[in-house]
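Here are my notes for your first pass through this one. Have the viewer open and follow along point by point.

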Amino acid sequence: MSASGNLCVWNHVNIGSGGTTTLTEGNLKCTMTGADPRTTGTLGGTCADTNGWYFEIEATNIGDGALTVGIVNDIRNGLCLGEQIHQRSNSYMWRSYSSGQFFNETTNVTSYGSFANGDILSFYIKSDKLYVYKNNSAVVGNVSTGTSGLSIGGTFFFPAVSRTVGGGGTSICVLKPNSDSWSYTPPSGFKGLTAKDLLLAEKVDPSEGNGSNKYHDTIIYTGTGSTRSITSLNFQPDWVLIKNRDQTDGWLNQNSVSGVGKTHEWNDDGPYEDETDCITSFNSDGFTLSDDHKVNASTEKYVAYCWKKSADAGFDIVEYSGNGSTNNVSHSLGAEPDCIMMHLKSGSDWDSTMYFNSPSMGTGEGVFMTLNNAGQTTTYMTSVSSSTFTPTSSANTSTKTYVAYLFRSIPGFSHFGEFEGNGDANGPFIYTGFRPKFVFFKAIDATENWQIRDTARQTYNDGTADRIYWNTNAAEGTASTASPIDFLANGFKIRGSNTEINSNTIIYGAWGDVPYKYNNTRA
């Protein structure tokens, strides 16, 4: 499989509402009028990459000094539609106005000077640092010596442009993402912003004979009412979640660590139960089902979400016994987890909780997975590390045992993050670095259900909005205020105002189909 030749261009599905933005020349040229139009790039480089990324922007017309260019990280990128992207947190942008203003997040730095029509602005990002040059002369830091670069946060960065002063002028710039268009040559090791240069773990790289479908897949099937095997997976699953799409019926949750004889109703606060008539075995290419109504009632439709436990794919399952005090529980992810789902295995009823590593949550807040409640300020996790996690007494009672599902983001395969909904049919675009196959959503500052969307049930971008709730036993349905989702080559775009996925602060977890490095969008 050959890598995609997709270049980073200005993103036509992530254009802010201010002024007017027109994209031409393959979306590399951006023309802006009015006050506060804005957009970002279609491709995100990894901020922490130690080899480095490089791109240029030609300031074709500064337009009364209003042209403002630079980078934003993934948090600000997701806010592009609803808010300004300059002089904001997670934003690093240079404005040509007056004697020049560089917005290092919310700080306005004037010592870097300005730029003029025809100037070539070069941006280097390496090891979480930003360096900026004008016409090949250092302005912000020195990339050759690695000194005085600006520290940037976030997982990904994106080129960004806005017009930040009103008036009658027109601002024009051209994005130069790769060596075919560069005016200058970066130091050895720096990559252009092209899909073929995206970082991708070998174990999920299709060109290495691997791929995401060896670690995660979503399948749909129709029940037979008698024992049958599902044989369409390319791996032996360690975790399977099954939902009856047609009926009000509880989620079936089983994993290989607890064993096939232990079942759990994902949406319920009860413990795991001894039950042998749902999934009866995990097989090399799937799993075997009995005739239980939760998984295999005759003629009824089901969806099964399946994962393989593997550090390479950023997923582990562990069981632990609560001790009521400090309890360092070991895991095998090899990096700090981004998401931990903690469930009751035995003991009195307890609502499952989630630790989530995002700006609005982290160790200071958790959210119930079995309820529609907003995030709770009660702490459920004291700390996480590359080898352990330490739940507080809220998830560590001495009379109970627990099952924890742990995840970390894997470039090209999975990503966990948050975004701000805008309540508009032109909803946020969220970059993942792959074409998503499965996404969960939860509003953490409002009472809203957990929503699931996937490409097994929505086979193409047709404007439908079929959703399943993670926290209830409800059948599949269409949201009362429809919010279709477009699954794109590099992420997803929300196309409706449903408050469950497009209002308030939303956390999400996404698993991919094909990495953007090799991808094209869906129809």
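1. Some ground rules before the sheets. Two strands count as paired if DSSP finds at least two bridges between them. Strands are DSSP runs of E, at least two residues long, numbered from the N terminus. What you have here is a predicted model, where local features need pLDDT of at least 70 and side-chain atom pairs count only at pLDDT 80 or more, while totals for chains, interfaces and linings use all residues. Residues are numbered from 1 along each chain as its sequence is written, and side-chain values use heavy atoms, with hydrogens and water left out.

2. Let's begin with an open sheet of 5 strands. Its order is β25-β32-β27-β28-β29, and the pairing is antiparallel. β25 (315-321) and β29 (367-368) are the edge strands, each pairing on one side only. Further in, β27 (residues 339-346) and β28 (residues 353-356) are joined in the antiparallel sense over 4 bridges.

3. For β16, look at its pairing with β24 (residues 301-307), which is antiparallel and runs over 7 bridges. Within that pairing, I219 stands opposite A304.

4. Stay with this sheet for N244, which is placed in strand β18 (residues 239-244). Is N244 buried or exposed? Its relative accessibility is 0%, so N244 counts as buried; the cut-offs are under 20% relative accessible area for buried, over 50% for exposed and partly exposed in between, with a 1.4 Å probe and protein chains only. The N244 side chain reaches the backbone nitrogen of Q247 at 3.1 Å. It also makes a polar contact with the side chain of Y302, at 3.4 Å. A polar contact here is a pair of N or O atoms within 3.5 Å; within protein, one must be able to donate a hydrogen and the other to accept it, and residues adjacent in sequence count only if both atoms are side-chain atoms. Setting aside neighbours within four places in sequence, N244 is in contact (heavy atoms within 4.5 Å) with several residues, including D249, H293, E300 and A475.

5. Now a loop residue. G192 lies between β15 (170-176) and β16 (216-222). With 6% relative accessibility, G192 counts as buried. Which residues does G192 contact, leaving aside neighbours within four places in sequence? They are W53, Y54, P177, W182 and D197.

6. β7 (residues 91-95) deserves a look, as 5 of its 5 residues are buried. Both of its faces are covered, with S91, M93 and R95 on one side and Y92 and W94 on the other. β6 (residues 67-73) pairs with β7 in the antiparallel sense over 5 bridges, and V72 has S91 as its bridge partner. β7 also pairs with β8 (residues 101-104), antiparallel and over 4 bridges, where Y92 stands opposite N104. β7 and β8 form a hairpin with 5 residues between them, and S98 in the turn has a positive phi of about 55°.

7. Then there is β35 (residues 434-443). 10 of its 10 residues are buried, so β35 is largely enclosed by the rest of the structure. An antiparallel pairing of 9 bridges joins β35 to β41 (residues 505-515), with R435 partnered by V514. β35 also pairs with β36 (residues 451-454), antiparallel over 4 bridges, and there V439 has R453 as its bridge partner.

8. Last, the cysteines. How many disulfides does a search of the whole structure find? It finds 0, taking a disulfide as a pair of cysteine sulfur atoms within 2.5 Å. For C8, the nearest cysteine sulfur is that of C173, 12 Å away. C8 is buried, at 0% relative accessible area. The closest cysteine sulfur to that of C278 is in C306, and at 14 Å it is too far for a bond. C278 is buried too, with a relative accessible area of 0%.
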